[in-house]
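Reader: I would like to go through this structure term by term. For each label, please set the value against its cut-off.

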Amino acid sequence: MSGVQHREVTADDDGMRLDRWFARHFPQVGFARLQKLIRNGEVRVDKAKVQTSTRVTEGQIVRIPPVDDPDTVRPFKVNLEDVRFLKDLILYEDDDLYVFNKPHGLAVQGGSGTIRHMDGLLKNLPNKAGEAPRLVHRLDRDTSGCLVVAKTAAAAKHFGSVFRSRSARKIYWAVVAGNPTPRQGEISCFLAKQATTDGEQMVVVRNGAPGAVHSSSYYSTTDTASRRFAWVTLKPVTGRTHQLRVHMAQLGTPIIDDPRYFNIENWMPAPGLGEGLHLHARRIVLPLRNGKKIDISAPLPPHMRQSFEALGFDPDRYDAQNTDPETAA
């Protein structure tokens, strides 16, 4: 690339961090070099100075200074071990998309200090045009389960619209401390991001507070183990960062092993439980571009299956395929 470029942010990349946007579109620009370009003011968004953590919005214009000619960049070499790893995670595949069973502990996107993540691994599954599949929604690093990835730009545009319009039906399973009261209902509140020494965290705020966004989820108690634990089915209506984790904590029944939002003092865990966040994207129902729908469920990750067995919960008794997502929570 011989000169400065000005590239418009597409709907596929709406809300993406600037460093991740560069990793997708200009992989030859490493993170350290990007930081230097930003410090020097050579990278701008809508003519304004930015940071690597700045999130871009559809329609914004990113200024890209001259960078290495892609012809001089070593072509990406497919890692066969990573290919096998990804293929083992596939729950569903067609010409437009994959649905993966994302493992607990694997980040969806990269960032400072995060080397291995789904977005990077997906380069090992290029489409016929040589393009890497594209994320169309996200899960937290420690949340497992159904992750939708588009194979083409056209598919990404369709499924991006599906998620923005809330046409996707998502069902999560969680194990929480205590028993929700009432047993089922809606959690509705306003959330805002708050900077902490350990990164960003969501907090409940009043309507009208700076950065406040509305959030809503439905929940239903599926089973209990005495008064100390409950298996909860969750249906998010909105899709805010850490939404389900904050909502369950707000209800007084935080998700087991949540490192950010577990707020019960002097908590004594039960013996035999698995270790890790007990939140799983169990099921997703999506309208396809041809008008049909797919209905996909992901098996529990090992640490949650261990806890289900220890607490006497039977996932097969309440198979997600037998539950209508419109009324599950």
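Reader: What makes helix 6 mostly covered?

Author: Seven of the eight residues in helix 6 (residues 243-250) are buried. Buried means under 20% relative accessible area, exposed means over 50%, and partly exposed lies in between, with a 1.4 Å probe and protein chains only. The buried residues are Gln243, Leu244, Arg245, Val246, His247, Met248 and Ala249. The helix itself is a DSSP run of H or I with at least four residues, while a strand is a run of E with at least two, and both are numbered from the N terminus.

Reader: What kind of model is this, and how are its residues numbered?

Author: It is a predicted model, in which local features need pLDDT of at least 70 and side-chain atom pairs count only at pLDDT 80 or more, while totals for chains, interfaces and linings use all residues. Residues are numbered from 1 along each chain as its sequence is written, and side-chain values use heavy atoms, with hydrogens and water left out.

Reader: What is the mean pLDDT, and where does pLDDT stay under 50?

Author: pLDDT is the predictor's confidence in each residue, from 0 to 100. The mean for the protein is 89, and 93% of its residues reach 70 or more. Over residues 322-329 pLDDT stays under 50, and the model has 19 contacts beyond four places in sequence for that stretch. Where pLDDT is low, the predicted coordinates should not be read in detail.

Reader: Which strands do the buried residues of helix 6 pack against?

Author: They pack against strand 8 (169-177), strand 9 (184-196), strand 10 (199-205), strand 11 (213-225), strand 12 and strand 13 (279-287). Contact here means heavy atoms within 4.5 Å. After helix 6 comes Gly252, with a positive phi near 90°.

Reader: How do you know that strand 11 and strand 12 pair?

Author: Two strands pair if DSSP finds at least two bridges between them. Strand 11 and strand 12 have eight bridges, in the antiparallel sense. One of the bridge pairs is Ala225 with Phe229 in strand 12. The hairpin of these strands has three residues between them, and Ser226 there takes a positive phi near 55°. Strand 9 and strand 11 also pair in the antiparallel sense over eight bridges, and Cys189 has Ser215 in strand 11 as its bridge partner.

Reader: Why is the pair of Trp231 and Phe308 called tilted?

Author: Rings of Phe, Tyr and Trp (its six-membered ring) pair if their centres lie within 6.5 Å; planes under 30 degrees apart count as stacked, over 60 as edge-to-face and the rest as tilted. The centres of Trp231 and Phe308 are 4.8 Å apart and their planes are at 55°, so the pair is tilted. Trp231 is in strand 12 (residues 229-236) and Phe308 in helix 7 (residues 302-311), 77 residues apart. Trp231 has 0% relative accessibility and therefore counts as buried; Phe308, at 1%, is buried as well. Ring pairs also link Trp173, Trp231, Phe308 and Phe313 into a cluster.

Reader: What makes the pair of Phe262 and Trp267 edge-to-face?

Author: Their planes are at 65° and their centres 5.5 Å apart, so the pair is edge-to-face. Phe262 has a relative accessible area of 23%, so Phe262 is partly exposed. Trp267, at 24%, counts as partly exposed too.

Reader: How do you know that Arg228 lies over the face of Trp267?

Author: A charge sits over a ring if NZ of Lys or CZ of Arg is within 6 Å of the ring centre and within 35 degrees of the ring normal. Arg228 is at 4.7 Å from the ring centre of Trp267. The charged end of Arg116 sits over the ring of Phe85, 5.0 Å from its centre.

Reader: Is Asp119 buried or exposed?

Author: Asp119 has a relative accessible area of 13%, so Asp119 is buried. Asp119 is found in helix 4 (residues 118-121). Beyond its neighbours within four places in sequence, Asp119 is in contact with Arg24, Val108, Gln109 and Leu135.

Reader: Why is Met118 called buried?

Author: Its relative accessible area is 0%, so Met118 is buried. Met118 is found in helix 4. Not counting residues up to four places away in sequence, Met118 touches Leu86, Leu89, Phe100, Lys102, Leu106, Ala107, Val108 and Leu147.
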